[in-house]
Amino acid sequence: MDYALEIVESAPSTQDMVKDLARDGAPEGSAIQALMQTGGRGRHGRVWQSLEGNLFLSLLLRPNVAAKDVGSLALVAGLALHKAIGLDGLALKWPNDLLLHGKKCAGLLLETELKPDGAVDWVVLGLGVNIANAPEEGAAIGGDRDDLRDRFLSIFATHYQDWQSAGFCSMKEDWLARAHDMGAALMVKIGERHVKGIFAGLDDTGNLLLDCDGQKTTIAAGEIYICS
């Protein structure tokens, strides 16, 4: 993939900037990095604390996949980011977080728009990584921000191509090898409902598998909490 990266001093949200590019017909690989971000957000509209010195990056993608398969792209990007960071104590948490010694150090966000016929028009992939600073409940990974960005983009390009040709199942075991402990007790919040179970892996499309008192339950979306 060829990237066209623009670096801006400050932006309310790199996601919103790249979404505007997408709607204007910008090519796949268009990306914006902000050195400062004043209105960053995570999943479900939550505020992402955009502290100075960290990585804030959004990337435009136009994948040739069915709409139902887009969600697993967050797992693909998480795997690429884990490899780019490469620290001991780093773990993937389904579906879009990275933990360093149990504390969140990075998060990913996917936003998608479909064509009138239901095909994927574009996906904007955003990531925020705590490099120099982290909120009190989080962790910072240290290192050089631009080096990490370049490593991620390089690794992601290969994984993205593999995902389009062979699906998430081709990298499922690689993802699980970097996840938090199999068998961990989890609580999943789905709307107003809470489901408790044991982390039992992923299916071939990237859905979470929970063992709920011996019964395997498939979770396609939800907020995940690791129970201590």
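Which backbone nitrogen does the side chain of aspartate 203 reach at 2.9 Å? The side chain of aspartate 203 reaches the backbone nitrogen of asparagine 207. The legends below describe this and other close-up views of a predicted model.

**View 1. Aspartate 203 in the loop between β9 and β10.** In this predicted model, aspartate 203 is placed in the loop between β9 (193-202) and β10 (208-212). Besides its 2.9 Å approach to the backbone nitrogen of asparagine 207, the side chain of aspartate 203 has a polar atom 3.0 Å from the backbone nitrogen of glycine 206. Aspartate 203 is buried but has no salt bridge, and the nearest side chain of opposite charge, that of lysine 172, is 7.0 Å away. When residues up to four places away in sequence are not counted, aspartate 203 touches Phe168, Lys172, Leu209 and Thr218.

**View 2. The buried face of helix α1.** Within helix α1 (residues 14-23), the residues Thr14, Gln15, Val18, Lys19 and Ala22 are buried. Seen down the helix axis, the buried residues of α1 fall within an arc of 135°, so they line one face of the helix. Their cover includes the strands β2 (30-37), β3 (55-61), β6 (103-114) and β7 (120-129).

**View 3. The two ends of helix α1.** At the start of α1, a side-chain oxygen of serine 13 comes to within 3.2 Å of the backbone nitrogen of glutamine 15. Glutamine 37, which lies in strand β2, has a side chain that reaches the backbone nitrogen of threonine 14 at 3.0 Å. Glutamine 37 is buried, with a relative accessible area of 11%. Just after α1, glycine 25 takes a positive phi of about 90°.

**View 4. Salt bridges of aspartate 174.** The side chains of aspartate 174 and lysine 83 meet in a salt bridge, with N and O 2.7 Å apart. Aspartate 174 lies in helix α4 (residues 172-177) and lysine 83 in helix α2, so this pair ties together parts that are 91 residues apart in sequence. Aspartate 174 also forms a salt bridge with arginine 178, whose closest N and O atoms are 2.2 Å apart. Aspartate 174 is partly exposed, with a relative accessible area of 26%; lysine 83 is partly exposed at 27%, and arginine 178 counts as partly exposed at 24%.

**View 5. The salt bridge between lysine 93 and aspartate 97.** The side chains of lysine 93 and aspartate 97 meet at 3.6 Å, N to O, and both residues are buried.

Terms used: Residues numbered from 1 in each chain as written. Predicted model: local features only at pLDDT ≥ 70, side-chain atom pairs only at ≥ 80, totals over all residues. Heavy atoms only, no water. Helix = DSSP H or I, 4+ residues; strand = E, 2+ residues; numbered from the N terminus. Buried < 20%, exposed > 50% of the residue type's maximum accessible area, 1.4 Å probe, protein only. Lys, Arg positive; Asp, Glu negative; His and termini not counted. Salt bridge = Lys/Arg side-chain N within 4 Å of Asp/Glu carboxyl O. Polar contact = N/O pair within 3.5 Å; in protein donor to acceptor, adjacent residues only side chain to side chain. Contact = heavy atoms within 4.5 Å. Arc of directions from axis to C-beta.
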